[in-house]
Amino acid sequence: MRIEAKRHLCQSYGNCVAIDPEHLDLDDEGLVVVTRDSVADGELAAVQAGIRSCPVNALVLVEGE
Amino acid sequence: MPATTVPPGRILIVGGSIAGARTAQALRSEGFTGELIVIEPEAGEAYDRPPLSKEYLTGAWSRAQLNLIPGGWASLDATVVRAHAAALDGQGRQIRLSDGQLIGYDALVIATGLSPRRLVADDGEPIGHVIGTASDADALRHQLRDGAHVVAVGGGFIAAEAASVARGLGLPATIIDRRATLLEGSLGAVVGAHIAANHRNHGVDLRTQARITSIARDGSGAVITLEGGGLVRADVLVAGIGSEPNTAWLQGSGIRVDDGVVTDARCRAFGAAGVYALGDVARFYDVHSAKPRRVGHWTNAADQATVVAHNLLHPQDPIGYREAPYFWSDQFREKIQVAGHPDPDAHVDLLTLEGPTPRRIAVYTHGDDDGCSAVVTFGWPRGMVAVRRLMPLEPTTAEMLSELEELAAGARLVAAR
């Protein structure tokens, strides 16, 4: 599994970074960037919580490496 | 086996907004395979409310863009019952709906939120708009045209955002506020004055320390009389005068209600077994301040949902809720973000950090130990991310500023792909 960010939806709330700083950050424009996209099995719950923390559903978990 | 040691078979969630929706999502995400029933009177999918006074009110966002659950309730295998909860029988573990239907549960999640207070005209009847539901926002948005003079009553975020939206649409806007500055109750006088000045710079007619003595109907609008005799004619009147927890249905249930549903730090209500409450309606025991607190912010509801879902599914290994306070507002195309507790008694520094883009922030310092109790950023989301990373470590203001100065001076970030 890996995380994909739909940057055009991002509203700079920053909730995802607060919950999952291992994978996500905001850039200078305040838009989400995936700093590490691969998700290890043990990280899945935390990653899903980070994804749920986005009010505009700008993050998705997709199959594949 | 005692009922408290096994996960429930049927979970009933009353309220299908952010608190209820995120609880349902977290339950499924944590592997709950039992029955999930949601009581929600509003039709349609769960939607996000903060944009109702922002992007949705301007017309920039559609209703579909407010959807909280990708795939909707159906994707969570949740049954949504479109009714109001009318009464709770905590001993019999069932609720009665407004249509008389009875629904039993093993565990109950109270997520009924708030209802906005309405203004009352001289004739004793409610007058003007509120912004609580999408329908409220629709009704208001349809009036924001043809040069209508928009008058917002209240000095909080709803009034400030409504005025900002009106000005953005080219409409004249007035705010009538009892206090000396905008947002004084939530952000204190220093930041309040800064925000008030911003409103005045954008053409808002800001009437502070103003008391309303009369609201007379005038066609579809109103004439408002202020103490001292000032008159304000409103084509569109908006109330931003606070809200009340939706707890009337819990009367006589034995559940402890005191300006919200009282819960412990694990989000459990008192007075009946298997009952949790979260979000705007809950007055939770805050381990940080060691006091019960009711918090009407998005992240509080979303974060508590994770705690409630965990505790429902792992009754032998419950976790506590520790608030990481954060909220935001959008005014005049600028994101105002707040982390921590902006105590009105704190010392507040309003600063500009130098860098490629100068960054305006406000830092709240509390007590004798230089402790940083809150930070407000203006149009600097990346700075707020750093603030939220530091805040749980209880930094001093000097530590917080040094981190933010470095960031403002210009560190770069590289994406994975």
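The buried residues of helix H7(B) are Pro381(B), Arg382(B), Gly383(B), Met384(B), Val385(B), Ala386(B), Val387(B), Arg388(B) and Leu390(B), where buried means under 20% relative accessible area, exposed over 50% and partly exposed in between (1.4 Å probe, protein chains only). The helix is thus mostly covered, with nine of its 10 residues buried. Helices (H or I, at least four residues) and strands (E, at least two) are DSSP runs numbered from the N terminus. The model is predicted: local features need pLDDT of at least 70, side-chain atom pairs count only at pLDDT 80 or more, and totals for chains, interfaces and linings use all residues. Residues are numbered from 1 along each chain as its sequence is written, chains are lettered from A and ligands numbered from 1 in the order in which they are written, and side-chain values use heavy atoms, with hydrogens and water left out.

Chain B is divided into domain 1 (3–115 + 243–313), domain 2 (118–239) and domain 3 (333–410), with bounds from an automatic or database domain assignment. The C-alpha centres of domains 1 and 2 of chain B lie 31 Å apart. Contact between them (heavy atoms within 4.5 Å) involves 12 residues of domain 1 and 14 residues of domain 2.

The second largest pocket has a volume of about 770 Å³. A pocket is an open set of points on a 1 Å grid over the protein atoms alone, where a 1.4 Å probe fits, with protein on both sides within 12 Å along at least five of seven lines; lining residues have an atom within 4 Å of a point. Grid points are joined across faces, edges and corners, and the volume is the space filled by probe spheres set on the points. This pocket is lined by 32 residues, and Glu323(B), Ala324(B), Pro325(B), Met391(B) and Pro392(B) lie nearest its centre. Two or more lining residues come from each of H1 (15–19) of chain A and H6 (298–313), S24 (334–340), S27 (371–378) and H7 (381–390) of chain B. Because domains 1 and 3 of chain B both give residues to the lining, the pocket lies between them.

Pro325(B) is found in the loop between H6 and strand S23 (326–331) of chain B. Beyond its neighbours within four places in sequence, Pro325(B) is in contact with Val338(B), Ala339(B), Gly340(B) and His341(B).
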